[in-house]
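Trainee: I'd like a close look at one part of this protein, with some context around it. Could you walk me through it?

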Amino acid sequence: DDLRQKFEKYGAISEVHIPINYKTNQSFGYAYISYETVESSIMAINKMDGEYFMGRRLHISIAEEKYNKPESELKIKIKLQRSDKLELSFFKSKCSY
């Protein structure tokens, strides 16, 4: 519930899945959050990556498909946004004196 509340502000969530170790009955320390729209997913990734939640730093990324499927619309948009950021940060680091 805490995780859902933290991420709901970026859009409607269709599913939250927290894998549990069946031997210890405890979380593995990661979760999958599915949004109803691509835009909500992008906003959550951009805003929450690197933030802290319950004392732990979050590392947000797109979950990989188990099977070879064409790249999703979300994955393509995130790659484009990240490549723009990487080019910008590279430019800034090269120009700093």
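Trainee: Which residues form a nonpolar patch on the surface, and about how much accessible area do they have together?

Mentor: Happy to take you through that. Keep in mind that this is a predicted model. The patch is made of Phe 28, Tyr 30 and Tyr 32, which together have about 330 Å² of accessible area.

Let's go through the members. Phe 28 sits in the loop between β3 (26-27) and β4 (32-35).

Now the rings. The structure holds two aromatic pairs. In one, Phe 28 and Tyr 30 are stacked, with 6.1 Å from centre to centre and 25 degrees between the planes.

For contrast, turn to helix α2 (residues 38-48), where you will find Ser 40. Ser 40 has a relative accessible area of 10% and is buried, because the limit for that label is 20%. The side chain of Ser 40 makes a polar contact of 2.8 Å with the side chain of Thr 37. Setting aside neighbours within four places in sequence, Ser 40 touches Tyr 10, Gly 11, Ala 12 and Tyr 35. Other buried residues of α2 include Val 38, Ile 42, Ala 44, Ile 45 and Met 48. Just after this helix, Gly 50 takes a positive phi of about 95 degrees.

Most residues other than glycine have a negative phi. Asn 25, in the loop between β2 (20-21) and β3, has a positive phi near 60 degrees. Asn 25 is exposed, at 63% relative accessible area. Met 54 also has a positive phi, of about 55 degrees, although it is not a glycine. Met 54 is found in the loop between β5 (52-53) and β6 (56-57), and its relative accessibility of 63% counts as exposed.

Finally, here is the setting for all of this. The protein has three helices and six strands, which follow the pattern α-β-β-β-β-α-β-β-α along the sequence. Of its 97 residues, 23% count as buried. Among contacts between residues at least 6 apart in sequence, 43% join residues at least 24 apart. The protein exposes about 8100 Å², and carbon and sulfur atoms supply 52% of that area.

Technical notes: Residues are numbered from 1 along each chain as its sequence is written. This is a predicted model: local features need pLDDT of at least 70, side-chain atom pairs count only at pLDDT 80 or more; totals for chains, interfaces and linings use all residues. Side-chain values use heavy atoms; hydrogens and water are left out. Helices (H or I, at least four residues) and strands (E, at least two) are DSSP runs, numbered from the N terminus. Buried means under 20% relative accessible area, exposed over 50%, partly exposed in between (1.4 Å probe, protein chains only). A polar contact is a pair of N or O atoms within 3.5 Å; within protein, one must be able to donate a hydrogen and the other to accept it, and residues adjacent in sequence count only if both atoms are side-chain atoms. Contact means heavy atoms within 4.5 Å. Rings of Phe, Tyr and Trp (its six-membered ring) pair if their centres lie within 6.5 Å; planes under 30 degrees apart count as stacked, over 60 as edge-to-face and the rest as tilted. Patches are made of residues with over 30% relative accessible area and no salt bridge: like charges are joined within 9 Å, nonpolar side chains (Val, Leu, Ile, Met, Phe, Trp, Tyr) within 5 Å. Accessible areas come from the Shrake-Rupley method with a 1.4 Å probe; for residues, only the protein chains shown count as cover. A salt bridge is a side-chain nitrogen of Lys or Arg within 4 Å of a carboxyl oxygen of Asp or Glu.
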